[in-house]
Amino acid sequence: MSTRDEDETITRKSEELIEVEGNLDPDLEIPDSGNILIISKDQSYLTHGIHKFPAKFFPELPRYLIQKYSEVGQYVLDPMCGSGTVVLEAILNNRVGVGVDIDPIARLITKVKTTPIKSETLKIAVDALSKQIEAFRKLKDYTPAIPEFNYRDNWFKPFVLNELAIIEDSIKTLGVSNQFSEWPPLSDFFHVVMSSIIRDVSNADPHCTRTVLRKKVTKKISPGDTFERFIRRLEQQADEMRKFTEIIEALKFTDVILPIGSALETGLDDESIDLAVTSPPYINAVDYPRTHQLEMYWLGLLGDGPLSKVKRKYIGTETVYKDEYRDLKVSGLNTLDPVLKQIFKRDPRRAFITYKFFDDMKSQFQEMMRVLKPGSRYCVTIGNNLIRGVRVKSHEILVEIAESSVGFELEKQFFSKLIRHFIRIPRKERMQGEWVLVLRKPS
Ligand SMILES: C[S@@+](CC[C@H](N)C(=O)[O-])C[C@H]1O[C@@H](n2cnc3c(N)ncnc32)[C@H](O)[C@@H]1O
C-alpha cells in the first residue's frame, strides 16, 4: 500500500515560511523552493461544498495560480478536475473553465457546481420536490423501485433503501411533470445533493475513504433520517446555488467546457489553453471508482462491465496484471529507476504500479504540451509517497519527466501546506503537504 510520506518533514526557520490566512494576493511571489502555509477559510463557500471528494483542492491555491498566471477571458484547464474546484474558481475569476475527468461522478459534480440555475426556478423546484417527497411518504403502501446492485442489502438498511428510492422517484416524477423548461440542470443538481448524503446514510465506515463495511462501525440511522438529511442539504445547497448564480450573472466570461475524455487524450484543440492547474491522483492511494461505488450505483453511472475494467483507465490505478509486473520495468529516468529497483525487490507489483503511474504522467504531460499555448504554464501539485517503505520523491521525478522527456521548463517549485482555519496551526518545523510545480511551455 502506498502512503503519503509522513517522514517528509521540511525543517525551515520560521522566517522562511510564508503564512497566509485566506486569500493569497496574486502579487505575492513565493520564492523558488519556498514554503507556504495556507490557512483556508472558505473551502465550502458557494457551490464548492456541494459534494465531498477525496484530495479536493482548497480553493485558495488554485485561485492564486489562476489570478497570477492567467488573464480575464482566458481558458483555464484542469485535466483531472475531480469535483471541479479549478473550473469553478476559473469562472468565478472571469475565465473560461475547462475540465476533464475520467470519473463520471467527478464530471457530474463539476457540471452541477459550475452551472447556474435561475433563483426563481430553483425555489419553485425545491418546494415542489419537498412536497412530492412528503406526498410519497404519506402513501403507506407506496413501494418505490429500488435499484439492484451487488451487496445492496449489506450496504444499506431496508428503510434507508426505501427512503432513497422515494427521493429518486420524486425527482423523476417532477421531471415527467414537465413543469420546468430548465429540467436537466435541476435534475443534475438534485441528484448531486442526493449523492452527497448516500455515504452518510449507508452502513459504510464514514472515516475511511474507500467504501468498506466494518463490524465495529455501527451508525445510528433511524427511519426518516435520510429524508431529513436530504431536505437539509437541499435547502443549504440551494442557498449556495442562489449566491453562486447571482455572482455568475454579473460576470462576462462564465463559459464552462467539459469534454468527455481522459487527461491523456483530452480532445481539446492544439494550443487552445492559457493555463492548466491540476492535482493528479496519488500513486495507488485512492481508488476513485471504489470510493464512489454506492453513489454511482444510485445515480446509474456504473456501466455494465466489471469495475476492474473501469479502474485500469485511472492514473495511479492498482489494477494491474501479473504478466505486466513479472520483470522490472526501466524508465530511463535517473530519479525513478533506482526507486523502482528497490520497490521491485520488496514487491514487484507495487514497482509496476509506480512505473505505470509515472509512464501515464509522461503521456499526460505530452498532452498538456500539445494543448497549451506557447509560453503558458502548467501548475501541478504533488505529494511524495512511501511505497513498501521506499521513499518516492514524486515531485523530483515529475520535474525530470517534464523537463527531459517532454520539454517543459521548470519556472519554480514550492512546498504548500493547506489547513482549515479552525485547525490548530502545526509546529512550523514539521510541515507536511504538497509540492507545487510551475512548469512553462517554451515560447
Ligand atoms: C486528486 S483528484 C482531483 C481533485 C480535484 N483537484 C478537486 O479539487 O476536486 C484526481 C482526479 O484525477 C482523476 N483521474 C484519474 N485518472 C484520470 C485520467 N486518466 N483522466 C482524467 N482524470 C483522471 C480522478 O478521477 C480524480 O478525480
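**Ground rules.** I number residues from 1 along each chain as its sequence is written, and I use heavy atoms for side-chain values, leaving out hydrogens and water. The model is predicted, with local features needing pLDDT of at least 70 and side-chain atom pairs pLDDT 80 or more, while totals for chains, interfaces and linings use all residues.

**Domains.** I looked up the domain assignment, an automatic or database one. It gives domain 1 as 2-116 + 254-440 and domain 2 as 119-249. Their C-alpha centres lie 30 Å apart.

**Contact.** I listed residues in contact (heavy atoms within 4.5 Å). Domain 1 gives 33 residues and domain 2 gives 36.

**Buried area.** I then checked the accessible area (1.4 Å probe) that the two parts lose on being put together, summed over both. It is about 3,000 Å², and carbon and sulfur atoms give 70% of that. On the side of domain 1, Leu46, Leu294 and Trp298 supply 29% of the area buried against domain 2, more than any other three residues.

**Salt bridges.** I searched for a side-chain nitrogen of Lys or Arg within 4 Å of a carboxyl oxygen of Asp or Glu. Between domain 1 and domain 2 I count 1 salt bridge. I also looked up the side chains of lysine 111 and aspartate 188, which form a salt bridge at 3.2 Å, N to O.

**Residue types.** I sorted the side of domain 1 that touches domain 2 (Ala, Val, Leu, Ile, Met, Phe, Trp, Tyr, Cys and Pro are nonpolar; Asp, Glu, Lys and Arg charged; the others, Gly among them, polar). I got 17 nonpolar, 9 polar and 7 charged residues.
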